[in-house]
Amino acid sequence: MIPLWWYLALAAAIFCVGAYGVMARKNAVAILMGIELMLNAVILNLVAFWRYLDPAEVTGQAFAIMVYAVAASEAAVGLALIISIYRTRSTVAADEIDMMKW
Amino acid sequence: MTVMQIIFIITALVTLGAAMRVVTSERLVNAALWLVLALAGIAVLLILLEANFLAAVQVVVYIGAIAILLIFGIMLTRGVMDTSGPQANQNWWLAALVAGLLFAGLLTMFTQVPGLRRSPPEIHTAEGDLINTLGTALVDVNGFVLAFELASILLLAALVGAIVVARPAEPEEGGES
């Protein structure tokens, strides 16, 4: 059988790749893609713990569904913000969106 | 090496490689397509974990909705980033260092936790029963009804918020939109 730590190591790797994308990418849409990768790693972890620790309860699956809802709303609001900024400032580069910086 | 392990390793390598391409691709449309591949790899892993319902949700919500939404976002804003040089900022090496340290720290932490080499226990309930239990637990007062309601309100707020934020500004005399 597959040991639990294989899943955890893979989820950690995907999370770190997503975190790198969030920190390093310039484009705001690419930053959102990094966030999606990180949320997917969380879902993988939740389901792996559900399967290996307590498959009779549904806690892990229920909170994985919560993560899906949060990811969907985050993508919708994030893209709305990006499109609104693109409309007013004609840029989607995260380092050029600095009107709240001082 | 059992068949399951071989399937896991192949899927893990494909998923990880696709995730790497998502964060390094020069062209954003390519990055979005690699993201679809990575999400599909996660769906396969969910099937390996015998969470078939969540695998279906993964395909429908992530690949069917969120990835397509991201591709729409790229299409609507393209042209401003395609010609402006590298896609990573000057501090990308710092980001890589932080991500690598985080991964190393997580792996070190895994060696401290007992029971990570265990095999999964058998599932005694039938697959249909599991989905039934999940659906009942989501609306059960003793289950997750609070989380369920919170998710509903969050989705509603996101729906209204996305419309308000993305709507073009009205003319001045029309009042605040």
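Visitor: How many salt bridges are there over all chains?
Guide: The count over all chains is one salt bridge, meaning a side-chain nitrogen of Lys or Arg within 4 Å of a carboxyl oxygen of Asp or Glu. This is a predicted model, where local features need pLDDT of at least 70 and side-chain atom pairs count only at pLDDT 80 or more, while totals for chains, interfaces and linings use all residues. Residues are numbered from 1 along each chain as its sequence is written, chains are lettered from A in the order in which they are written, and side-chain values use heavy atoms, with hydrogens and water left out.

Visitor: Okay, which residues form that salt bridge?
Guide: B:E50 pairs with A:R51, and their closest N and O atoms are 2.9 Å apart.

Visitor: Are those two buried or exposed?
Guide: A:R51 is buried, at 6% relative accessibility, and B:E50 is partly exposed, with a relative accessible area of 33%. Buried means under 20% relative accessible area, exposed over 50%, and partly exposed in between (1.4 Å probe, protein chains only).

Visitor: New topic: how many residues does each chain bring to the contact?
Guide: Chain B brings 81 residues and chain A brings 68 residues, with contact meaning heavy atoms within 4.5 Å.

Visitor: And what area do they bury?
Guide: About 7100 Å² between them, 79% of it on carbon and sulfur atoms. Buried area is the accessible area (1.4 Å probe) that two parts lose on being put together, summed over both.
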